[in-house]
Amino acid sequence: DAMADAYDTLVNALRGSSQVQSLPNGLFMPNTDPFAASCKHPLQGTVTLPPPMTFASASVTEFNVSKDPVPKADSSATRTYLVPSGQGRTSQVRLGRAGPSSADIAPNGRTICGRLYAYDSEGEHLELQHVEPFSAIMEEEKFGSGGVSLAYRIWFQTDKDIFSPMRVAKKYKYRMGFADDFHMCQMGRKMATQFNALCQEKIAAPPPPIEFLSWHTIIECDDDYYSIENFLPGQFVKYNNIFGSTERVGTCSDGRVSVNLAAAYSHFTWIASGYEYIILDVQGVGNTYTDIAVVSRRQGQYGYTDTGPANIKNFFRHHKCNDYCKALGLEKIDADEELPPKTNPDGAKMKREMLMPEVEWVYIDDVDQVHRYDLDMLDIIEEAIKGGAAKVKVQVGGTTHHVVDLKNKVHVCLETGAAYRIEQRQFTVNRKERPSLQVQFDDGKWHSYTSSMQDQAHAALDKGLGQATLCMSGREYLFDFDNMTQTNVQTGNNRPIRFVHYAD
């Protein structure tokens, strides 16, 4: 505002001047009306002066989020600020007053509504806390794009005439599960707690603690899902990526401390996990991180961004131990050697306990071979029994493929016409350590393979095979574990596959 006033004062003083005036930066103005005339600029030639500059102001209700999550209109507690609207303009918005529209908050925005799902942000497991309707304004155009998601600005309507501060809505490019991200965030946060404690213990002047954005909400709108997180103001930096490349000190505007600390944090996670996984794709503002990835010894175990052991080695190939690594006593890793064997130090292994029941349902074929159901199917059967259902229908794309008759203990496969008897068997083998292999169908939903397919896939992986041709329902499929795809050998059609933990 002050600069605009000074500019307008200078231009107005030149009206009706009897001689040519020289303005700063070499702009020469003739003796004519400056708002209708053209002027000569020594560098740019002819330019037309703009109309007077003005800045719109906005009044927003202040509130304490920790005390009152829904702001109340209070004229005694306001402050003035500018709302950026793109294209070099500002919009006048009176938040806490009558009815701002999508054009007020974001000229290229739209009003959306749907259902909001809030989960326990502190829990290790994904536990739904509540579901409620929502109304919000979201920009049509993304303002950022990452490897797996697109980012949009969003403002939630918290009361009749009140909108929340800007937040970020992220839409997955590849329908990566919200549970995958939630689980990885919790793993990253737990590792950060251990890392911060070690810094306090080992370093005389410890660095600022590493923190993670707390995000635990998704919204459903127009058959799309978005994860919601707070906006991080400041210089956003990707310190390393899922392929092990690291940010060199000096190339990051965030400074040496943040870059070195992020590198030491990734190094620490490999040691503290017992050489089981490393946290990469560390990014954020300063020491506040978001959207990290867990990269493990088995590619795909932690979703799409788990790029496997080759990139664990690649990280240590690029990483040069810095003062933090040395102060914390982190073991130096030689990328040219084989990865050290897994260990399980106290408190370091963060896999969830995915306990199998001692007794589970199985189906038995005509040669008396016993087949164990996949974990998803066991859940469905148990839910049906609890609900008093007599039959379970398994549908894919609206078509019923299997019927499990719990009353007569028969499993019928409608594709082949085969019928199997079912019964309960007791097992002592625990499947909690093995991730489940899933395939994505055309509707975007992920489905687990049968138990026998899981066994075949894991057997191929245990042999170190990057590809394997497996037989399913009389058809051959090529499984590419490097690119995580399944291809029908006969038709050439392919689908994405992934490994997930059952509890996710």
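Helices here are DSSP runs of H or I with at least four residues, strands are E runs of at least two, and both are numbered from the N terminus. Counted that way, the protein chain has eight helices and 34 strands.

A quick word on the source, everyone: this is a predicted model, in which local features need pLDDT of at least 70 and side-chain atom pairs count only at pLDDT 80 or more, while totals for chains, interfaces and linings use all residues. Residues are numbered from 1 along each chain as its sequence is written, and side-chain values use heavy atoms, leaving out hydrogens and water.

Let's start with the chain as a whole. Of its 504 residues, 43% count as buried, where buried means under 20% relative accessible area, exposed over 50%, and partly exposed in between, with a 1.4 Å probe and protein chains only. Taking contact as heavy atoms within 4.5 Å, residues 24 or more positions apart make up 52% of the contacts with a separation of 6 or more.

Now, the inside. A nonpolar core is a set of buried Ala, Val, Leu, Ile, Met, Phe, Trp, Tyr and Cys residues joined through side-chain atoms within 4.5 Å. Which members of the largest core touch the most others? Among its 30 residues, they are F195, I210, Y265, I279, V282 and Y289. At least two residues of this core come from each of α3 (178-202), α4 (256-272), β19 (277-280) and α6 (323-327). Another core lies apart from it, with 15 residues that include A457, L461, F479 and I497. Back to V282: leaving aside residues up to four places away in sequence, its partners include V237, Y265 and Y289.

What about cysteines? A disulfide is a pair of cysteine sulfur atoms within 2.5 Å, and the count is zero. C325 is buried at 1% relative accessibility, but its sulfur is 4.4 Å from the closest cysteine sulfur, in C321, so it is too far for a bond.

Please turn to strand β28 (residues 419-426), where you will find R425. R425 is partly exposed, at 32% relative accessibility.

Finally, the lining of the largest pocket. On a 1 Å grid over the protein atoms alone, a pocket is an open set of points where a 1.4 Å probe fits, with protein on both sides within 12 Å along at least five of seven lines; lining residues have an atom within 4 Å of a point. Of the 42 lining residues, H402, E415, T450, M472 and S473 are the closest to the centre of the largest pocket.
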